[in-house]
Amino acid sequence: MKPLSKITKTHHVLLIFLAIFAISAKVQAFKAPFRAKDVLPLLPRQVSWPIMKTLNNAADLMPSFVGAATAENNSILQWKGACFYNNTAWLEFHNNSGTEFGGGTLHIQVSKAHSWTCMDIYVFATPFRVTWDYYILSREHTIEFKEWESEAELEYVKNRGVSVFLMQAGMLGTLQALWEVFPLFTNTGWGENSNIAFLKKHMGASFEERPQPWVTNITADQIHSGDFIALSKIRGRWGGFETLEKWVTGAYAGHTAVCLRDDKGNLWVAESGHENEQGEDVIAILPWDEWWEFELTKDDSNPHIALLPLHPDIRAKFNETAAWEYAKSMEGKPYGYHNLIFSWIDTIDGNYPEPLDAHLVASVMTVWTQMQPAYAGNMWNEALNKRLGTQNFSLSQVLVEVEKRGSSFGALLAAPEQDNWVYADGKSASCVVFVFEMYKEAGLFGKLGSSIQASEFTIKDAYSLKFFENNASRLPVWCNDGDTVKLPFCQIKGKYRMELPGYNTMDPYPRMNERCPSLPPKYSRTAGC
């Protein structure tokens, strides 16, 4: 074993060496024999790991759309890659297979690599297929499409070409980004710390520790019908999912539920996303004691929970009978996967953290459709058909139809979801949509109800609405008991203090949340969107 001082000196030399090459590699006229990022994984972990952690993040897992390669004359696609700085691509049609629709060859010419050890990774896609390749040599490469799947694919490629995506972080950057994302979904202390670090890094969340006890001794008789529950899970499968959801939407909570009292005064919790005995996520109505006991003792995602009491004036409007009728009509229905992503996407290009965009969404959907066709149909196919006014179109048919109409897939994704749409398994409601559909039915939006689509609300939109208590003296006596910071809502569980930026600040208005951008890190929204 080397003495610590010798290891430290070696690392200092290596750091200086890497810094020199990191600077020199920026000078494009000089082709370095290798670049710092290319060789970092080959160095001792104590050196490479801190540096690589600063160079890449989860966004680097996403390929970036560089353009579409077509067969049109004088229409060669050109771009700068992560490794090769001069790249061109063009498409050539042929019928070497002797089939009905023929095939084609995609030509990719790469040159001017910034080092001898770098590599570019690409994804190539049409609405009917996705493939990939990597290049380490400066020369012309080809991707063969032996035969087009159908006349629709042939016509699409003739008009729109083959989409080209670049893994902009390169191979090593992509692996590093994968390392950042993988632990988010693990049900371990490592996973929890990774979720916290991700949200701090990408959203600026603070995660300030609260004084103990971290669970409030609740008196349930001070909880009323319509009171909103916001949950933030930070470990395990749901913790990882919520972390990514928070990142793209700007919400500082990842799940919601609502309180209801029956005619006997018993307290219940209604939520979309309860896991039943068969392991399915459904809409359920549970006794408060059962729900609260589960969150305290069985929910391994370490949920942080806040109760958001309704303002007295809003509570006075709450029609318990109508709310119960709606809740019972939805009980047992599947979680609202159909409209999950459409609450987030309101604009053609103002909701996608870089390098996400509509082209990439289409390609990811294409991959998932090939791998899990039933899953894809549940997640987006039916919703896309409703936006087009078509029935039973596959994803590839949807993309071709959009092109025929002279529109774009980005515009289709941004079309507002309608609360009255009925899917094959009934009305679709994610956790927050379920709560706000109930609010509509219970009369909280008044005359505005007919001009508001609850299915366009994200969780951030929900807790920003000016529906909640704004007078601390009217909060339950146990609210934030023992905490040195008095929040405007009641955090009832969690080690870290929950943040809800923009809480209780926005008045409702017609067609709200239908055209709102949501780009990190500020997630600023335009007036009246």
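A residue counts as buried when its relative accessible area is under 20%, as exposed when that area is over 50%, and as partly exposed in between (1.4 Å probe, protein chains only). By that rule, 53% of the 529 residues of this chain are buried. What you see is a predicted model, in which local features need pLDDT of at least 70, side-chain atom pairs count only at pLDDT 80 or more, and totals for chains, interfaces and linings use all residues. Residues are numbered from 1 along each chain as its sequence is written, and side-chain values use heavy atoms, with hydrogens and water left out.

**The whole chain**

- The chain holds 16 helices and 14 strands; these are DSSP runs (helices H or I, at least four residues; strands E, at least two), numbered from the N terminus.
- Among the contacts (heavy atoms within 4.5 Å) with a separation of 6 or more, 71% join residues 24 or more positions apart.

**Helix α6**

- Spanning residues 189-203, α6 has 15 residues and reaches 21 Å from its first C-alpha to its last, close to the expected 21 Å. That expected span is 1.5 Å times one less than the number of residues.
- Its buried residues include Ile-196, Phe-198 and Leu-199, together with Glu-192 and His-202.
- Gly-189 also lies in α6, but Gly-189 is partly exposed, at 39% relative accessible area.
- Gly-189 and Ile-234 are 45 residues apart in sequence, and their C-alpha atoms are 10.0 Å apart in space.
- Just after α6 comes Gly-204, with a positive phi of about 80 degrees.

**How α10 meets α15**

- Two packed helices are described by the angle between their axes and the distance between the axes.
- For α10 (residues 320-330) and α15 (residues 431-441), the axes come within 8 Å and cross at roughly 140 degrees. Axes here are lines fitted to C-alpha atoms, for helices over the stretch in contact, and angles run from 0 to 180 degrees between N-to-C directions.
- The two helices are therefore oblique to each other: angles under 35 degrees count as roughly parallel, over 145 as roughly antiparallel, 65 to 115 as roughly perpendicular, and the rest as oblique.
- On the α10 side, Ala-322, Ala-323, Tyr-326, Ala-327 and Met-330 meet Phe-434, Glu-437, Met-438 and Glu-441 of α15.

- His-338 sits in the loop between α10 and α11 (358-371), and His-338 is buried, with a relative accessible area of 4%.
- His-338 and Ala-376 are 38 residues apart in sequence and 9.6 Å apart in space, C-alpha to C-alpha.
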